[in-house]
Protein chains: 2
Amino acid sequence: MKQYLKHHEWQIIEEGFDPHLHRVSESIFSLGNGRMGQRANFEETYSGDTHQGTYVAGIYYPDKTRVGWWKNGYPEYFAKVLNAPSWIGIGFNFEGQELDLAHASVEKFVRVLDMKQGLLTRSFEATLPDGKKIAVQAQRFCSMADGEVGAIRYALTPINFSGTVKIKLSIDADVANKDSNYDEKFWDRVYEESQMGWAVVNAQTKKTQFQVCTGMEYKIEIDGQRVGGKVFTHNKEKYADNIVEITLVQGKELVVYKYAAVLSSENHPKEKLVKHCLAKVDEASKKGFATLLQDHVAKWNRTWQDCDITIEGDVAAQQGIRFNIFQLMQTYTGEDERLNIGPKGFTGEKYGGSTYWDTEAYCLPFYLGTTNPAVARNLLIYRYKHLPKAIENAKKLGFKNGAAFYPFVTMNGEECHNEWEITFEEIHRTSAMAYAMRDYIDYTGDKNYWIDYGLEVLIGISRFWSQRVNWSGDKNRYVILGVTGPNEYENNVNNNWYTNYLCAWTLRFTMEAIDYVKKNASDKLVSLFSKITFNEATEVARWKDIAEKMYYPEDKTRGVFLQQDGFLDKELIPTKDLPAEDRPLNQKWSWDRILRSCFIKQADVLQCMYLFEDDFTQDQIKRNFDFYEPMTVHESSLSPCVHVILASKLGYEDKAYEMYLRTSRLDLDDYNNDTEDGCHITSMAGTWMSVVKGFGGMRVRQGQLHFNPFIPGQWKSYSFRIEFRGRVLKVKVSQAQTEVLLESGEPLEIIVNNKPAKIS
Amino acid sequence: MKQYLKHHEWQIIEEGFDPHLHRVSESIFSLGNGRMGQRANFEETYSGDTHQGTYVAGIYYPDKTRVGWWKNGYPEYFAKVLNAPSWIGIGFNFEGQELDLAHASVEKFVRVLDMKQGLLTRSFEATLPDGKKIAVQAQRFCSMADGEVGAIRYALTPINFSGTVKIKLSIDADVANKDSNYDEKFWDRVYEESQMGWAVVNAQTKKTQFQVCTGMEYKIEIDGQRVGGKVFTHNKEKYADNIVEITLVQGKELVVYKYAAVLSSENHPKEKLVKHCLAKVDEASKKGFATLLQDHVAKWNRTWQDCDITIEGDVAAQQGIRFNIFQLMQTYTGEDERLNIGPKGFTGEKYGGSTYWDTEAYCLPFYLGTTNPAVARNLLIYRYKHLPKAIENAKKLGFKNGAAFYPFVTMNGEECHNEWEITFEEIHRTSAMAYAMRDYIDYTGDKNYWIDYGLEVLIGISRFWSQRVNWSGDKNRYVILGVTGPNEYENNVNNNWYTNYLCAWTLRFTMEAIDYVKKNASDKLVSLFSKITFNEATEVARWKDIAEKMYYPEDKTRGVFLQQDGFLDKELIPTKDLPAEDRPLNQKWSWDRILRSCFIKQADVLQCMYLFEDDFTQDQIKRNFDFYEPMTVHESSLSPCVHVILASKLGYEDKAYEMYLRTSRLDLDDYNNDTEDGCHITSMAGTWMSVVKGFGGMRVRQGQLHFNPFIPGQWKSYSFRIEFRGRVLKVKVSQAQTEVLLESGEPLEIIVNNKPAKIS
């Protein structure tokens with residue numbers, strides 16, 4: 001845990017430059033706009049420890065799998081988010097002396113991420129080795145108004161000298177992924193050109209042959225007057241620049257504006273990529289920094305208008321929630337159904353593939369609640385398009401008859417993870433696709449989604465379950481052997497309660513969908529059944545049998561469900577008895593020790609109770625929470641938010657608040673000591689849920705909105721907005737009262753604190 | 001399965017050259033002498049598919065671990081058997097045209113491994129692309145009489161031409177391991193020299209800095225007359241040769257004798273290595289091929305005298321058992337306590353490290369029965385010397401107080417395997433060290449081994465178990481969670497019956513050893529306890545409690561022990577219902593499917609009954625055999641021999657014979673389709689056990705030899721020798737009778753078919 005950032009309602013502020021924290025800050029101060037993103041690397045040369053990262057949505061590389069011991073069924077490659085050509089480079093050389101904060105005395109260093117505007121500002125004074133002193137203020141943003149544009153304003157004032165400076169404005173595609181399995185670079189050259197005032201580099205990924213074309217223009221001013229200087233142009237393989245020689249006058253501010261356009265072949269024909277790129281950067285340059293920024297900020301204003309959460313009386317909590325919302329909105333705008341939400345977004349490249357079940361289980365509710373339903377629908381359709389690959393994936397593991405096994409990690413629908421206990425066994429994820437549909441339908445009422453897309457996916461998933469269970473003669477029940485539940489601190493267990501429950505629910509949900517489509521679009525049902533050669537009589541009969549005769553491990557004495565068979569053989573020890581120096585377990589204990597301990601990374605019985613809350617009594621939930629929560633170490637970023645929601649429901653206010661801080665400030669305070677690899681983007685949606693579903697007690701039941709709010713004692717008030725079936729509601733909770741206001745749309749009956757209320 | 005070798009009692013014979021089988025033959029026709037070994041690569045250039053392999057005992061390289069996803073506790077490196085400098089190269093170039101069987105028309109190709117003499121002979125006629133035709137007979141051996149010497153006789157007759165030939169006699173240390181994790185070469189240069197008539201290359205391994213110095217001399221004759229020819233000497237980094245230009249006369253036989261000496265810094269001071277090597281090769285060359293061969297064959301004669309098994313009436317079975325004994329004796333002679341028995345011996349480099357629990361569980365009984373007890377004792381002492389590393393290894397995983405966890409794979413005592421389900425969980429192996437002691441003591445009566453070595457090891461192992469079990473409040477018993485038994489087709493299971501049994505037995509055995517040492521060397525006991533700060537009262541009390549209250553999974557209805565908790569949840573299907581195209585499962589099924597199936601790689605309940613036969617009734621063994629055997633796929637080379645022994649005991653003669661053929665011809669007939677990687681050396685000891693303990697029914701009980709022979713219907717008779725407490729017994733079993741003869745040593749009372757018999 002690190003607490004070096006200033007608390008502020010709208011800004012993330014770092015004061016003073018500490019090279020040891022630089023990688024963490026590079027993650028936290030990242031910028032993005034859904035199409036592209038950029039870690040908070042310095043524009044000028046920095047020879048210290050840094051993780052340079054520029055990313056372009058949808059651009060990936062299938063890196064050959066690296067494994068110690070091959071297991072049958074492993075994928076051939078691991079699709080990786082690609083470190084893309086860098087457009088931010090602006091180097092300064094003062095008569096042979098490079099500006100490099102690793103070799104300068106730095107004062108008054110301040111880094112500010114203004115979340116309201118989406119603007120990164122860095123200012124400092126630096127004394128170079130020969131005594132030259134400069135003051136710098138650098139600002140940049142990735143335009144939310146135009147996803148292909150980035151802009152930089154870099155202002156530099158020579159404080160104690162006059163003289164010449166060479167300014168190098170570059171585009172560099174000779175970049176590498178930190179996590180390359182075999183130390184390869186993933187980009188091939190296509191085209192470079194450098195002319196006075198602009199440069200362009202087009203590069204192509206190996207194997208996948210995506211092209212990314214990056215262009216730049218720039219303007220330089222001194223004291224507000226445009227200056228030209230001597231310009232030298234260079235280009236070499238995967239690189240192009242302009243070097244501009246300018247005479248500086250002591251005390252006069254030099255301002256460099258650099259405009260970049262980043263275009264990918266996913267959105268433009270390859271043969272027009274360079275042309276379109278140059279046109280785009282030219283357009284940006286003509287608009288100029290101020291206008292571009294204005295458009296960008298206007299877009300952010302609208303976004304905040306929809307999805308801001310305010311918290312009065314607790315700046316750390318306020319900053320935390322805004323940071324989470326800010327990062328989510330930077331990562332995925334929902335406009336492109338080919339895209340998804342990577343675990344690190346545009347803030348790092350760890351965990352490679354872009355799509356995990358995090359999307360369905362955590363991000364979907366956020367987008368449902370804060371934007372229009374088309375965004376959530378795009379996320380569902382993304383998986384619909386991957387259905388053929390999910391069927392292939394199941395086939396590779398020996399399943400037949402159109403069984404669909406969604407991958408644990410993917411870019412294009414193919415599995416690319418290679419740990420057998422996860423890849424093959426963490427099978428609950430395939431039902432996350434079904435649950436997402438339930439969430440979407442609950443929220444929007446749009447059952448017709450089943451007709452054209454949903455049912456086909458559900459049948460594929462149910463066919464998987466139908467083959468994955470087996471009959472236990474011993475138990476006289478269906479069992480599910482050899483799985484890993486959401487609690488990844490248990491591997492290859494039998495009858496994980498969460499998984500068994502989800503399986504049976506999925507089968508029932510699929511049968512419900514069949515009935516609906518039968519009643520509402522019977523012709524489409526017939527043609528679907530024929531397309532996928534579905535034998536309704538026999539297949540549904542088996543599903544029914546499985547759903548009825550599923551085995552659920554249980555401890556009747558304690559009145560709790562058992563995470564899996566044999567859980568009670570463990571020594572049951574509360575986490576509070578763990579020595580502090582043993583935490584986090586995943587860094588301190590050997591893997592086998594973790595596995596045979598009772599400690600839980602993410603409590604999956606509780607996860608299931610959160611997902612299917614209405615299937616259980618308050619008492620059942622309480623008993624299970626009281627049993628599992630004390631053994632939960634929350635070493636998954638996806639864990640605390642679920643505990644906030646359940647603790648809120650159970651009236652455990654302190655626990656709810658403790659867990660809320662943990663989830664909302666996970667990256668800002670670097671709880672897990674890994675923010676330097678990038679931020680935990682998908683779990684940020686969990687933070688939003690913590691407030692809205694946790695404190696706000698928001699639920700959708702039978703198409704109706706419910707609120708059961710409580711407010712932590714530390715807070716004066718909090719508020720959030722909810723988009724729901726064409727309305728926008730604002731919920732404001734203070735210590736004294738709860739207000740729900742209809743900001744737009746038709747009047748609506750909702751339930752507040754279990755009582756109906758009409759809002760209009 | 002491939003059946004291309006001719007059956008013969010003393011020889012392995014391949015007729016005709018099939019490049020697709022070449023790698024398999026390279027493994028099968030391998031030669032070794034305990035100190036060095038050589039795959040059956042061609043002496044001359046071969047540009048076709050080949051796996052070149054020269055190996056020197058004890059020489060390894062710690063290759064940096066390659067892993068997909070790191071787990072805490074993994075070792076940093078994997079110690080690998082090293083492909084060593086090659087000494088066999090003899091190239092022939094006929095006026096620019098290389099002799100290369102990949103580019104020649106080959107006739108009359110015959111490869112013969114004469115196991116009686118330990119001699120590899122290859123003969124063929126080859127027509128080169130330009131029509132030149134030659135006849136070749138190449139012979140070689142690795143001297144059993146002098147482990148540092150190898151010799152080649154290469155005879156070549158030009159059939160249809162006269163002309164010059166350039167003969168290249170080389171030493172090549174620029175070799176690579178096929179399984180190098182990062183495509184590195186592991187040898188550094190030290191010294192090369194090439195002079196007329198000889199060459200030497202000294203090379204050093206990276207990191208481990210072993211030196212291997214390889215020298216050669218040669219003689220060339222035509223028609224029995226020594227010839228000189230023009231000699232060109234060359235050397236470059238890690239390589240040296242002589243090229244000799246000779247005029248060939250049509251029809252006249254050219255014979256090249258090449259003598260090699262291979263010395264390692266494990267046996268010579270580094271600074272004298274080159275000198276000793278040159279002296280050794282000079283000595284060999286002076287002796288000449290015929291004398292060296294004579295000494296070598298004499299040594300083999302003595303070996304066969306001791307350990308041959310004859311089978312009359314079944315050539316395939318006879319060839320099989322001799323091949324197994326031959327390979328074992330080539331691999332490990334027991335003279336050097338620093339060495340052990342690698343899973344591939346000198347026939348390949350797969351599975352890297354040299355020492356597995358195979359040594360204790362399979363090889364030890366073979367060496368006990370066929371050689372003097374010092375060999376088995378050396379194998380025990382090898383592990384005694386590794387005790388500090390075993391303690392370190394346990395510490396890394398979180399164990400304390402001198403707990404000893406022996407590695408799954410090792411070279412120097414450190415663990416070097418990296419699959420969590422094996423490295424951390426296949427914990428039964430640590431008790432293999434205890435069982436080996438029991439075997440050794442049963443056999444030799446030498447309980448004093450406990451005093452100086454054995455007890456310290458046993459206490460370390462028992463301390464491990466004492467911490468590895470935990471108390472289950474639910475079962476009111478001690479349980480062992482998260483293990484992999486010998487059946488590696490189940491991972492991370494709870495209460496593997498074999499493991500639980502072995503744990504409790506080890507604790508009791510350790511207590512027995514303490515009592516013995518207390519009575520017989522109480523002063524040594526006191527100093528040992530003080531050395532390892534052993535608290536007898538509390539530690540032994542806990543052991544006793546664990547041994548008494550251990551949990552053993554059981555199915556009382558069927559009267560069988562359960563492989564692990566939850567085994568009965570599986571669908572119990574016999575292997576005979578598996579489609580042929582699904583076999584072997586480990587090549588056809590995904591890993592998860594194997595894990596959740598009932599199919600058994602190696603039946604571990606039965607393994608335990610084999611190890612502790614006298615703890616169970618015949619009826620219990622029968623019920624468990626009848627339950628588990630039908631589900632066993634024998635995809636471990638260590639599996640069938642145990643089934644031979646139990647099936648023999650139970651009178652299942654057909655099953656015993658079927659399993660015997662499978663184990664004894666595993667490599668000759670390439671049952672598992674992997675002999676090209678090398679032969680399954682350690683399981684060959686199991687083949688010996690199949691005959692002696694299986695068919696012969698040999699047991700040692702309370703220091704007394706028992707025989708309960710049966711003879712397969714296909715055989716006329718079989719015989720084997722047993723070394724036992726200073727005697728040599730010969731057992732001959734025919735369809736009519738069993739004879740046990742005392743060949744040397746004092747008279748002895750033994751038990752034959754459960755009746756006492758005095759032999760003298």
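Which residues in α9(A) meet which residues in α10(A)? On the α9(A) side they are A:W450, A:I451, A:G454, A:L455, A:L458, A:I459, A:I461, A:S462 and A:W465, and on the α10(A) side they are A:C503, A:T506, A:L507, A:F509, A:T510, A:A513, A:I514, A:Y516, A:V517 and A:N520. The model is predicted.

**Helices α9 and α10 of chain A**

- Helix α9 of chain A covers residues 449-468, and helix α10 of chain A covers residues 497-520.
- The two helices pack at an angle of about 145 degrees, and their axes are 9 Å apart.
- The crossing of α9(A) and α10(A) is left-handed.
- The residues of this contact comprise 14 nonpolar and five polar, with no charged residue.

**Helices α8 and α10 of chain B**

- In chain B, helix α8 (residues 429-444) packs against helix α10 (residues 497-520) at an angle of about 55 degrees, with the axes 10 Å apart.
- Because of that angle, α8(B) is oblique to α10(B).
- The crossing of α8(B) and α10(B) is left-handed.
- From α8(B), the contact involves B:S431, B:A434 and B:R438; from α10(B), it involves B:L502, B:C503, B:T506 and B:F509.
- By class, the residues of the contact of α8(B) with α10(B) are four nonpolar, two polar and one charged.

**Residue B:I451**

- B:I451 belongs to helix α9 of chain B, which spans residues 449-468.
- B:I451 is partly exposed, because 17 other C-beta atoms lie within 10 Å, a count between the 12 or fewer of an exposed residue and the 20 or more of a buried one.
- Apart from its neighbours within four places in sequence, B:I451 is in contact with B:V517, B:N520, B:A521 and B:K524.
- B:I451 and B:Y332 are separated by 119 residues in sequence and, from C-alpha to C-alpha, by 27 Å in space.

**The four-stranded sheet of chain A**

- Four strands of chain A form an open sheet with mixed pairing, in the order β26-β27-β31-β32.
- At its edges are β26 (699-701) and β32 (755-759) of chain A, each of which pairs on one side only.
- From one strand to the next, the twist averages 35 degrees.
- Strand β27 (residues 704-707) and strand β31 (residues 748-752) of chain A pair in the parallel sense, over two bridges.
- A:H706 stands opposite A:I751 in β31(A).
- The pairing of β31(A) with β32(A) is antiparallel and extends over five bridges.
- A:I751 also has A:P756 of β32(A) opposite it.
- The hairpin of β31(A) and β32(A) has two residues between the strands, and in this hairpin A:N753 takes a positive phi near 50 degrees.

**The four-stranded sheet of chain B**

- Chain B contains an open sheet of four strands in the order β25-β26-β30-β31, and the pairing is mixed.
- The edges are formed by β25 (699-701) and β31 (755-759) of chain B; each has a single partner strand, so one side of each is left without a neighbour in the sheet.
- On average, neighbouring strands of this sheet are turned by 35 degrees against each other, direction ignored.
- β25(B) runs antiparallel to strand β26 (residues 704-707) of chain B, and three bridges join the two.
- B:R701 stands opposite B:Q704 in β26(B).

**Contact between chains A and B**

- In the contact between the chains, 39 residues of chain B touch 40 residues of chain A.
- On the side of chain B that touches chain A, the elements giving two or more residues are β21 (470-472) and α14 (591-596) of chain B.
- α14(B) gives the most to this side, with five residues.
- The residues on this side of chain B divide by class into eleven nonpolar, 14 polar and 14 charged.

Key
Residues numbered from 1 in each chain as written. Chains lettered and ligands numbered in written order. Predicted model: local features only at pLDDT ≥ 70, side-chain atom pairs only at ≥ 80, totals over all residues. Pairing = 2+ DSSP bridges. Axes fitted to C-alpha atoms, helices over the stretch in contact; angles between N-to-C directions. Contact = placed C-beta atoms within 7 Å. Left-handed = near helix turned anticlockwise from the far one by under 90°. Nonpolar A, V, L, I, M, F, W, Y, C, P; charged D, E, K, R; others polar. Parallel < 35°, antiparallel > 145°, perpendicular 65-115°, else oblique.
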